[in-house]
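I opened the entry to note how one chain is built and then to look up one of its residues. What follows is what I looked up, in the order in which I wrote it down.

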Amino acid sequence: METQVGTFAVKKGLAQMLKGGVIMDVVTPEHARIAEDAGACAVMALERVPADIRADGGVARMSDPDLIEKIMKAVSIPVMAKCRIGHFVEAQILQSIGVDYIDESEVLTPADEAHHIYKHGFTVPFVCGARNLGEALRRIGEGAAMIRTKGEAGTGDVVEAVRHARTVLGEIRRLQNLPEEELMAFAKEIGAPYEVLLETRNLGRLPVVNFAAGGIATPADAGLMMQLGVDGVFVGSGIFKSGDPAKRAAAIVKATTHYNDPAILAEVSRNLGEPMVGRQISSIPSGDLIAGRGW
Amino acid sequence: MSRIGVLALQGAFLEHQVLLERLGAEVVQVRLPAQLDGLDGLIIPGGESTTIGKLAVAYGLLEPLREFGRHKALWGTCAGAIFLAKDIGLDQPILGLMDISIRRNAFGRQVDSFETNLRVDFGGSNGSQAQPFRAVFIRAPLIEAVHGAARPLAQLEDGRIVAAREGRLLATVFHPELTSDDRFHRYFLEMTK
């Protein structure tokens, strides 16, 4: 009882240390070192960035543990890795090689179309995507120690990340204004566990750290998400699909710290070279959108 | 009323702010050197020490922070403790103010992160010695040795040092800001007087 690993405070605590920071997708140890040198607070190790997963099609799975371990050896900052929604064996494998956080991610092809992983059963913490408050609170109920907006990964279009952040934060504001007798009906309406809903109402925010993800490609995008009220940002394809990854990565790190200072945002936005080629979400057939994955 | 800064480059700075404000302090988030003016003390929070170091260099904070630490109270938690130390055995930007040797990620990766009870000598001012302090360690560093005027303030049962003080400098490798126990924050506010 005296000394414990894997408590919720310890799992949630690492996400608290990542706040105000940028978590970057990397596919090689060299990328990981570039990200660390640019000031990333963590990296996400994977075989293909979301833009390539989207372009390649087919089934997207957990990355090769050998690649993930090479990236873990290359950097001193925390390393995250993705498993498929509901694929608890991929999660067991990632925990056994010692990754610092697991992203149960809609970017990979779901392994279960009804259930997510029971995350309280793991020592390693999990981050999960959410489009609205009900989805966020269901994931926390299952044991997620960190939430991120889903956005629409691999597009470089921030519009869905904005929609999801505004939805979650707006629903929390609504929750705080409801009279107590309406809370159970609200929990039922959004499909949220009642106790987690009450905790969120008392805190006036999600009970875990809440990052933005999915479509962030510029320092201004990072500043926008931070000013909307998220705790930090994930940048997936936006860095290593751009013309000058090291420079863009460092600029997004600075923008995330100085998100409220337009003069600094202007300074870091200069001469960054080509951004990733974006795909406007409204041009993507609805069957190809990935944010709808998750239950 | 004390006016306390929290270095807000990256990491868990808001958690410190909430605890300090509950204790009646006025809190200023510090991202640029000018924001150090008029502060009685400063907390360097947990986060990623590499990220905090790079941002401190990029915005010209290293020398102003060193100068601040020579005259005012400074407290580093986790990454902040690394940032304060003179010896970290690695080549990354640090303040190098406190006479301690510290090693990054000394307990392993996140799956090895833990919480435990500590006995801390707060100096008897509030009669709170008897209660153990529930300390949360996240990918924590370890204070391998204290030198000169630095003294251990808390140790694990096996004797390893997890908190130290040297004059107005305080280092904890765990996170008092992640619990509701405010004894370390009270202790630090006393140091700023």
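I began with the contacts in chain B (heavy atoms within 4.5 Å): of those with a separation of 6 or more, 64% are between residues 24 or more positions apart. I noted that this is a predicted model, in which local features need pLDDT of at least 70 and side-chain atom pairs count only at pLDDT 80 or more, while totals for chains, interfaces and linings use all residues. Side-chain values use heavy atoms, without hydrogens and water, and residues are numbered from 1 along each chain as its sequence is written.

I then looked up the secondary structure of chain B and found five helices and 12 strands, taken as DSSP runs (helices H or I of at least four residues, strands E of at least two, numbered from the N terminus).

For the overall form, I noted a radius of gyration of 15 Å for chain B, which agrees with the value near 16 Å that a compact globule of 193 residues would have; the radius is taken over C-alpha atoms, and the globule rule is 2.2 Å times the number of residues to the power 0.38. The C-alpha trace of chain B spans about 40 × 40 × 35 Å along its principal axes.

Of the 193 residues in chain B, 61% count as buried, that is, under 20% relative accessible area with a 1.4 Å probe and protein chains only.

Last, I turned to B:T51, which lies in helix 2 (residues 49-58) of chain B. B:T51 counts as buried because its relative accessibility is 1%. Neighbours within four places in sequence aside, B:T51 is in contact with A:G39, A:A40, A:C41, A:V253 and B:Q10.

Terms used: Chains lettered and ligands numbered in written order. Buried < 20%, exposed > 50% of the residue type's maximum accessible area, 1.4 Å probe, protein only.
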